[in-house]
Amino acid sequence: MRNIFTTRLLTVILLIAAACLGLAAYTGAAGQDSPVSAAVGTVISPIQKGVSSISNKVEHFVSHFQNYDQMEAENKELREKVAELEQQVRDAQVAIDENERLRVLTGLVKNNPTFHYDMAEVIARSPGQWATTISIDKGSMDGVEKNDLVVTAEGMVGYVSLVAPTYSKVTTVLDTNMQAGALVTRTRESGVAQGDYELMGDGMLRLSYLSKDSDVVIGDTIQTSGEGGIFPKGIMIGTVERVMIEENGMNNYAVIRPFVDPATVTDVYVITDVTSGQVTQQTQTSDDAAADAAAE
């Protein structure tokens, strides 16, 4: 009995399968969806959607990284071009600065043909609030000596107070150790330009030992007189800001604002040699102006 039941069951299953295949073949030939294909489609449709979504995401991911690599390459190229342009700008600025220094040097030599100048760069300043000393990148190996005057095209910076082989220290016009014979350009009155502790905070110095009846007025220019044999004559120092009476009441003194600010100066010129009999064009011009003013 069991074998008969099994045989019948297999026969039923085969008949059902045959009927399904026949139905599928018929509906396929007729262009219609079969129940079987519909059932199968219902089962695999979510799977197809998942596969399609994953495929799209993978494609987008790959495309993104392909674009990223391209953009990274372009950015690298742009960065290299920017760096190259920045270097060109720096090189151009160096050339401009060098040309400016040479132009200034040419003017200095023209105005004072008896002076020998050596260009130098400020490499350090004294610590603290006031730039009373600075260091320059030229020393004894460059022919710099103690007491050499340090100037710019505008005027006096100070003098060399310490010399090393490759650098020097400069005592500026603001330092209390600085003293230089000075002359009022307009009136030819003499005095001593010197640093003053009370004035250095304002970036100024004083012209001492003026007579009580001195004719110095605000705006007068002060230059080195050459007296004392240390500093050459005719180097501009600054302008008179105000005229005061000394505490002893016997003399006057003038407060001077220097033409050169030691706190900001970057390029200087060291007068390393002076031939005898020098008369600067700057002094001659000042003398002519004074003579014209006296004539008027």
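Since the model is predicted, local features are given only where pLDDT is at least 70, side-chain atom pairs count only at pLDDT 80 or more, and totals for chains, interfaces and linings use all residues. Residues are numbered from 1 along each chain as its sequence is written, and side-chain values use heavy atoms, with hydrogens and water left out.

Let me begin with confidence. The mean pLDDT, which is the predictor's confidence in each residue on a scale from 0 to 100, is 78 for the chain, and 64% of the residues reach 70 or more. Over residues 277-296 the pLDDT stays under 50, and for that stretch the model has 24 contacts (heavy atoms within 4.5 Å) beyond four places in sequence.

Next, the interior. A nonpolar core here is a set of buried Ala, Val, Leu, Ile, Met, Phe, Trp, Tyr and Cys residues joined through side-chain atoms within 4.5 Å, where buried means under 20% relative accessible area, exposed means over 50%, and partly exposed lies in between, with a 1.4 Å probe and protein chains only. The largest such core holds 26 residues, of which Met156, Leu207 and Ile222 touch the most other members. Among the elements that give two or more residues to this core are strand 1 (115-125), strand 4 (156-163), strand 8 (205-210) and strand 10 (236-245); strands are DSSP runs of E, at least two residues long, numbered from the N terminus. Apart from it lies another core, of 13 residues, including Ile134, Val157, Val170 and Val260. Leaving aside residues up to four places away in sequence, Met156 touches, among others, Leu149, Val173, Phe231 and Val260.

What about the backbone? Asn147, in the loop between strand 2 (133-136) and strand 3, has a phi near 75°, a positive value in a residue other than glycine, and at 32% relative accessibility Asn147 counts as partly exposed. Tyr209, in strand 8, also has a positive phi, of about 65°, although it is not a glycine, and Tyr209 is exposed, with a relative accessible area of 57%. Gly234, by contrast, is buried at 0% relative accessibility; its place is in the loop between strand 9 (221-224) and strand 10, and its C-alpha is 5.6 Å from that of Gln223, 11 residues away in sequence.

I turn now to the charged pairs. A salt bridge is a side-chain nitrogen of Lys or Arg within 4 Å of a carboxyl oxygen of Asp or Glu, and by this rule the count comes to seven. Lys138 pairs with Asp118, the closest N and O atoms being 3.3 Å apart; Lys138 lies in the loop between strand 2 and strand 3 and Asp118 in strand 1, so the bridge ties together parts 20 residues apart in sequence. Both partners are buried, Lys138 at 19% and Asp118 at 15% relative accessible area.

Arg186 forms a salt bridge with Asp215, at 3.4 Å between the closest N and O atoms. This pair links distant parts of the chain, with Arg186 in the loop between strand 6 and strand 7 (190-194) and Asp215 in the loop between strand 8 and strand 9, 29 residues apart.

Finally, Glu241 and Arg257 meet in a salt bridge at 3.5 Å, N to O, and this pair links strand 10 with strand 11, 16 residues apart. Salt bridges that share partners also join Arg186, Asp215 and Asp220 into one network.

Notes. Helix = DSSP H or I, 4+ residues; strand = E, 2+ residues; numbered from the N terminus.
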